[in-house]
Amino acid sequence: MKIVSYNIQYGIGLDGKYDVGRIADAVRGADVIALQEVTRNNPRNGGRDMVAEIGEALPDYFAAYGSNFEVNIGSRLENGRAISTSFQLGNMVLSKTPIHLSRNLLLPRSRSLETMNFQRGALEALIETPLGFIRFYSTHLDHRSPVERQNQIRFLRQRLLNYTLEGGGLSGIPEIGLPDLPYPEAFIVMGDFNMLPGSPEYVELAGRPDHEFGMPLTADLAVDIAQRLAVADLVTWVDPDRPENKSRYKCIDYIFTSASLARSLQRLWSDRQAIGSDHLPLWAELG
């Protein structure tokens, strides 16, 4: 099973051009795709409906989209009919097999008085895979505050670990004549976390290595595939203003799994040739 995460920066590449086609080409072939910064009516990309365009570019994938906010940018009355126009930004999950259940988890945030700050989210999707039912999360954390990221991770970690108790987005549906959904323990969290390996917010989710026994594999922590497979020099973000400056390269995108999937991890790599965004597609293979 191949999976990929890609923050697509509302379709704007390192060359400053909007091109959904090259984004689709960069993720095509994955069994599950997690995208971040997917927008509708965004002034910065000409108001494109990226949800529709991605669906057209990848017609053989099932999709779920979760907008983290909607802000009015020109709703009006025309001939007595209300026309709503809102700028939306959120996350998307695409899958080669049907998405059985999805919900958008809105992450904690605080009001910013100087730097722009907006509602972040993690789009949860329940998908049947060759490894069984797995919960996938397309995730995007705050970019300006490690304290806020830590609060967001604490909230997200509780949703990851308590899923079987909380019931996800829907439970008890035999009451209306539908078969009950599975409540799998297994999860994969992918996305743009805006944090560096080993940072306090990283430790909140994945733990820190012991001086003697290394990184613990426990049910209450997520597994960083890069750490588990000892992937060195991983780059997932390039400074769009200085793309040739290697000193500005960062690893801020991750794929984490539940401990139960640790022995299924095979490979992790970023696509260093992709130029469709300031982030790079991050791929993983499990089997």
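Helices here are DSSP runs of H or I with at least four residues, strands are runs of E with at least two, and both are numbered from the N terminus. The UniProt record, an unreviewed entry, places the feature "domain: Endonuclease/exonuclease/phosphatase" at residues 4-279. UniProt positions are in the numbering used here, feature names are shortened, and annotations may be inferred rather than shown by experiment.

Before going on, the ground rules. This is a predicted model, where local features need pLDDT of at least 70 and side-chain atom pairs count only at pLDDT 80 or more, while totals for chains, interfaces and linings use all residues. Residues are numbered from 1 along each chain as its sequence is written, and side-chain values use heavy atoms, with hydrogens and water left out.

Now the open sheet. Six strands form it, in the order β7-β8-β9-β10-β12-β11, with mixed pairing. Two strands count as paired if DSSP finds at least two bridges between them. At the edges are β7, residues 99-106, and β11, residues 223-224, each of which pairs on one side only. Helix α3, residues 146-161, packs on this sheet and touches β7, β8 (121-129), β9 (132-140) and β10 (187-192). Contact means heavy atoms within 4.5 Å. The direction of α3 makes about 170 degrees with that of β9. For such angles, axes are lines fitted to C-alpha atoms, for helices over the stretch in contact, and the angles run from 0 to 180 degrees between N-to-C directions.

At the β11 end, β11 pairs with β12, residues 253-257, in the antiparallel sense over two bridges. Which residue of β12 stands opposite V223? That is T257. T257 is buried, with a relative accessible area of 0%. Buried means under 20% relative accessible area, exposed means over 50%, and partly exposed is in between, using a 1.4 Å probe and protein chains only. Leaving out residues up to four places away in sequence, T257 touches F187, I188, A222, V223, I225, A262 and L265.

A nonpolar core is a set of buried Ala, Val, Leu, Ile, Met, Phe, Trp, Tyr and Cys residues joined through side-chain atoms within 4.5 Å. In soluble globular proteins, nonpolar side chains tend to be buried together. The largest core here has 51 residues, of which I3, F136, I188, I255 and F256 touch the most other members. β8 gives the largest share of this core, five residues. Apart from it lies another core, of 23 residues, among them I23, L35, I54 and L58.

I23 takes us to helix α1, residues 20-27. Why is α1 described as largely enclosed by the rest of the structure? Because six of its eight residues are buried. Those six are V20, R22, I23, A24, A26 and V27. They pack against β1 (2-7), β2 (32-40), α2 (50-57) and β14 (282-286). The N-terminal end of α1 is capped by D19, with a side-chain oxygen 2.9 Å from the backbone nitrogen of G21. A polar contact is a pair of N or O atoms within 3.5 Å; within protein, one must be able to donate a hydrogen and the other to accept it, and residues adjacent in sequence count only if both atoms are side-chain atoms. G21 itself is partly exposed, at a relative accessible area of 34%. Just after α1, G29 takes a positive phi of about 105 degrees.

Two strands remain. In β14, four of the five residues are buried, so this strand is largely enclosed by the rest of the structure. β14 runs antiparallel to β1, joined by four bridges, with S5 opposite L282. β14 also pairs with β13, residues 265-270, in the antiparallel sense over five bridges, and there R267 stands opposite E285.

β6 pairs antiparallel with β2 over seven bridges, I33 standing opposite L94. β6 also pairs antiparallel with β3, residues 62-72, over 10 bridges, and N72 stands opposite S86.
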